[in-house]
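This report looks at a few side chains and at the partners they meet. Please keep the structure in view while reading.

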Amino acid sequence: GINAEYGKEVDEIEIENHSKSEGILELGPESENNKPSKSNETEDVSKPVFLKRMFKLSLSNFAVVFVGMGTILLFPALIQEFNRLRDQASINTGSIALDSEDQGRKNSISNSCAHSTKGPEFLLLSLVAAAGIIGRISSFFLYTKIKFRLLNIIPCILLVVSYGIMFLQGHLIIIVVGNFMLKFVYGFIATQLAFISYDTTFYGSNPGRFSLASSVFEGMAIVGITLGTGIAAFAPPLAAVTTSLCVSVLLIPLVLMLSELDRTY
């Protein structure tokens, strides 16, 4: 009888060791393996750290939305300005003949509706709009594989380059390529910021703070949309490009300051 009980205890010890080695959890209310792991709990952050993160992410969202949504009206305005300059140059060189009725239009050509976007230029608008979709899809597949700052610093530099080349208004292809890159970068970075805005490990586990950060994040986006589209609609094209260029330059240090995001999800 003693040998049987001893053999039974040895078998139970072997089964227990085998279960632990294989990663099998024991059932039971008092089992230590059934307790939640502390590594899986959401890390809370202090109030100063939370406010700093909220400020950096919300300001980055403002800058991205400002330059991205402003493109909706800025690109047609740049095309119109290109058409105006092209027609003005043609009139000055005499390649366009003017009759007596058109002679008065020569001095007020900047106010003419003849330079508005039309015909094949609408296809260019569709091409630029599609760049935002491509950027969002690319961001979805890359944001878990590359660290945040390394992944986004190059698009930020492309953003600055895109606005820089728009000062060369003598070539339509430059305007199209610049706005295409701009819209791509907007879709690329905006998608990642949207993912982060719902990340409790970034803002902390406090529900009140998370709600506040989300509200500020969306509020700054609304401000960016309003200012970006307003400047593109009412300011001269070169003034709108200059303003957006300054905002895009501001985005570079903002991205570099988001060191907390240098991790894969």
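## A network of salt bridges

Arg53, Lys56 and Glu260 are joined in a network of salt bridges, a salt bridge being a side-chain nitrogen of Lys or Arg within 4 Å of a carboxyl oxygen of Asp or Glu. By this rule the count comes to 2 salt bridges. The model is predicted, so local features need pLDDT of at least 70 and side-chain atom pairs count only at pLDDT 80 or more, while totals for chains, interfaces and linings use all residues. Residues are numbered from 1 along each chain as its sequence is written, and side-chain values use heavy atoms, with hydrogens and water left out.

## The two pairs

In the pair of Arg53 and Glu260, the closest N and O atoms are 3.9 Å apart.

Lys56 is buried, with a relative accessible area of 4%, where buried means under 20% relative accessible area (1.4 Å probe, protein chains only). Arg53 is buried as well, at 13%.

## Gln192 in helix H6

Gln192, found in helix H6 (residues 172–197), is buried with a relative accessible area of 3%. Its side chain is joined to that of Asn152 by a polar contact of 3.0 Å, a term for a pair of N or O atoms within 3.5 Å, of which, within protein, one must be able to donate a hydrogen and the other to accept it, while residues adjacent in sequence count only if both atoms are side-chain atoms.

Key
Buried < 20%, exposed > 50% of the residue type's maximum accessible area, 1.4 Å probe, protein only. Helix = DSSP H or I, 4+ residues; strand = E, 2+ residues; numbered from the N terminus.
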